[in-house]
Amino acid sequence: MRPLHSAVFLALPLLCSAFSPSSFTLQNTRGSLQTSSSSTVLAATPNRLPFSSQSSSTSTSLGALTTTELPEKLYFPQEKEMPKVLGGLQIGLRKLCVVTGASSGLGLNAAATLAKTGRHFVVMACRDVEKGKRVAKEIGMPEGSYTVMKLELANLQSVRDFVANLKAFKSARPLTNLICNAAVYKPTDPEPAWTDDGFEMTMGVNHLGHFLLLNLLLKDMAKAKNPRVCIVGSITGNTNTVGGGLVYPRADLGKLEGLEKGAKKPIAMADGKPFFGAKAYKDSKVCNMMTVSQLHERYHEKTGIVFSSMYPGCIAETDLFREKRPWFRKAFPWFMKYVTGGYVGMQEAGERLAQVIDDPLCNKSNVYWSWNGGAKQIGRWSPDGKPRGAGGSGGEIFENEQSDAVRDPVIARKMWDASVKAVGLTEKEML
């Protein structure tokens, strides 16, 4: 047995622990809210070429929302932003791109990468507008390359208000690109938190909020030239990967008993079973990736919109691990770099997400994009000492294969129909 494989065998319990619910300890009285599973912000290096192969939170930071006290209601109609106008003059000839969860982590780095190309004007859709403005400057986004708008995905009226404000801002200019990135992850919570509309928070934000958002924007996007939608996926929702198939609990939508009944309090899980925070996140990611396949099936040929998903790699230095002991925070990035090969830095992860939107190579619909093996296996030995083939840093982009559960067309169509009903979409609003 090669030394690397021996190390992997001996260290596999640590790997499972690293991906297990117990390793993420963001707790509070109602639930923990943060944007994306990737939350540490690394300053972008201006000279690095993109796509290289190399309403009240009590505490916030550049990297992520930390322990967050969720009030009884997250958004009130009177909090609606005054719409920005004359955006067409700012956008100019650039493509207009919306990025949700753009005030930290993966979303922020993707937004910065796109803005710095000079080809995109970015709308940063954020819960905290002031934070979004601050971190955009700190990461070096060029002045005049972006604007920040209020979006609270845990409130369907806020989603509708955001769409109205976006349309007022851009005027007749169509939206070209949409990145659905924001996410809630609260695996250690014993009881569910709820959105303002009564959905379990994880499914409500990660899936249903985005589901309403993108459906309200499709008519407009159909008018754009070469439009693209990317919904960020996860290996945790794919049972044919190490993180999704080896680590308990596995994603399982069952027969969608909970979602088909409306998915509102007290129903906390898509399958109608008792709440399980770690599984709720994985289930929401299955819904995200199924949504891509349904969008492609229903609208790609009709509109030309390219629909895709992607997995950026394991961002092991994310602020998700700030609650862990110092030895773990030091050991886990090393473990992911030199044992599993799944490690990717925040900047590179952001570049990967931006690539799916900007690279001509990615102009293909219904694809789940990955890099360097896509995390379907433990990394293989490499002369430089860094295992290859596990989705980590480096490598070229490729079309990955999703699990059979994600590709189940019957459940996917049921998920779509139940989601349309849950968020209150009308035939007039849909494409």
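Q: What should I know about the numbers before I start?
A: Residues count from 1 along each chain as its sequence is written. In this predicted model, local features need pLDDT of at least 70, side-chain atom pairs count only at pLDDT 80 or more, totals for chains, interfaces and linings use all residues, and side-chain values use heavy atoms, leaving out hydrogens and water.

Q: In what order do the strands of the open sheet run?
A: Strands (E, at least two residues) and helices (H or I, at least four) are DSSP runs numbered from the N terminus, and two strands pair if DSSP finds at least two bridges between them. Here 8 strands go β3-β2-β1-β4-β5-β6-β7-β8, with mixed pairing.

Q: Why is one side of β3 and of β8 left without a neighbour in the sheet?
A: β3 (146–150) and β8 (397–400) stand at the edges with a single partner strand each, so one side of each has no neighbour there.

Q: Is α11 mostly covered or uncovered?
A: Buried means under 20% relative accessible area (1.4 Å probe, protein chains only). For α11, 13 of its 13 residues are buried, so defined.

Q: Which residues touch the most other members of the largest nonpolar core?
A: Nonpolar side chains tend to be buried together in soluble globular proteins. A nonpolar core is a set of buried Ala, Val, Leu, Ile, Met, Phe, Trp, Tyr and Cys residues joined through side-chain atoms within 4.5 Å. In this one, of 67 residues, the answer is F162 and L178. Helix α6 gives the largest share, 12 residues.

Note on methods
Buried means under 20% relative accessible area, exposed over 50%, partly exposed in between (1.4 Å probe, protein chains only).
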